[in-house]
Amino acid sequence: MNKNIVVIGAGTMGNGIAHTFAQTGFKVNLVDVSQEALDRGIKTITTNLDRIIAKGNLTEEEKANTLANISTFTALEDAVKDADLIVEAATENIDLKLKIFQQMDAAAPADCILATNTSSISITKIASVTSRPEKVIGMHFMNPVPIMKLVEIIKGYSTSKETFSAIYEMSKTLGKVPVEVNDYPGFVANRILMPMINEAIYSLYEGVAGVEEIDTVMKLGMAHPMGPLQLADFIGLDVCLSIMNVLYDGFKNPKYAPCPLLVNMVTAKKLGVKSGEGFYDYSESKKAEKISKQFAK
């Protein structure tokens, strides 16, 4: 495979994927609907590269080369015309993803592989709206992408051995550890993680313990680096709800039913870090309060 990569979506996952490919030496076209979103994505990549430099793991020259490898586009058709691989990293919404894949399929070269970073949506269903289902595959990166080693490589029903092998080997080129996964709701990571988060929310909902107490038990008792409620805030409660709904719809099993508290919080737009409030408060006033307490000490 050549080195012309397109990443659709400049948000948290998209800019992380673009960063990772570009730092490895691939030419990357980063696509989003607005220049403002693209500018934010490039700013995030630049900040993350500076963090790596500060740790002594990257030079200023390597940073400059990484940024030079990334071009930005607002027109998908222009970005994908010479693509060898497209990685879609748009919002976790089935209708949006199907629409993007139809556009990608129509505009990309016939031999281009179409990958999705979906964390739960069926690869087979996504592939069904294209004329090349054998070239559609899942590449589920973990957040933060430049740091986390795992990539779930998800085969759809029609994904060819050649497509799987190409993406599996490319993932290793990126310094990642690819894991082969079959196409069932939630794959492996979220089939296990999301019910755990949902159960933590149920524990809060039913009054078993408070937010910090639940997270402390899982951090100190199970050696998790972050408690499940705090992790849910960072993922986004709307994303958690979406994945739970995919699991529930896919398995028709009550154990995957989203907790009513999760549903209510999403309805109230308490989505976690992105909205400034979830199970924890991330508002500017809360940050100022923390700073004043630190100075008071």
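View 1. The end C-alpha atoms of residues 186-282 lie 28 Å apart, and the span is 62% helix and 0% strand (helices, H or I, of at least four residues and strands, E, of at least two are DSSP runs, numbered from the N terminus). UniProt, in an unreviewed entry, places the feature "domain: 3-hydroxyacyl-CoA dehydrogenase C-terminal" at these residues; UniProt positions are in the numbering used here, feature names are shortened, and annotations may be inferred rather than shown by experiment. The model is predicted: local features need pLDDT of at least 70, side-chain atom pairs count only at pLDDT 80 or more, and totals for chains, interfaces and linings use all residues. Residues are numbered from 1 along each chain as its sequence is written, and side-chain values use heavy atoms, with hydrogens and water left out.

View 2. An unreviewed UniProt entry gives residues 5-183 the annotation "domain: 3-hydroxyacyl-CoA dehydrogenase NAD binding". Here the chain is 44% helix and 22% strand, and 24 Å separate the end C-alpha atoms.

View 3. The domain assignment, whose bounds come from an automatic or database source, gives domain 1 (2-180) and domain 2 (187-289). Their centres, taken over C-alpha atoms, are 27 Å apart. Ten residues of domain 1 are in contact with seven residues of domain 2 (contact means heavy atoms within 4.5 Å). About 720 Å² is buried between the two domains, and carbon and sulfur atoms give 64% of this area (buried area is the accessible area, with a 1.4 Å probe, that two parts lose on being put together, summed over both). On the side of domain 1, Ser 119, Ser 120 and Glu 152 lose the most area to domain 2, together 59% of what that side buries.

**View 4. Salt bridges between the domains.** Zero salt bridges are counted between domain 1 and domain 2 (a salt bridge is a side-chain nitrogen of Lys or Arg within 4 Å of a carboxyl oxygen of Asp or Glu).

**View 5. The loop holding Pro 144.** Asn 143 and Pro 144 are joined by a cis peptide bond, with omega about 0 degrees. Pro 144 sits in the loop between strand E6 (136-141) and strand E7 (150-155).

**View 6. The loop holding Phe 187.** Phe 187, a residue other than glycine, has a positive phi near 55 degrees. The loop containing Phe 187 runs between strand E8 (177-182) and helix H8 (189-205).
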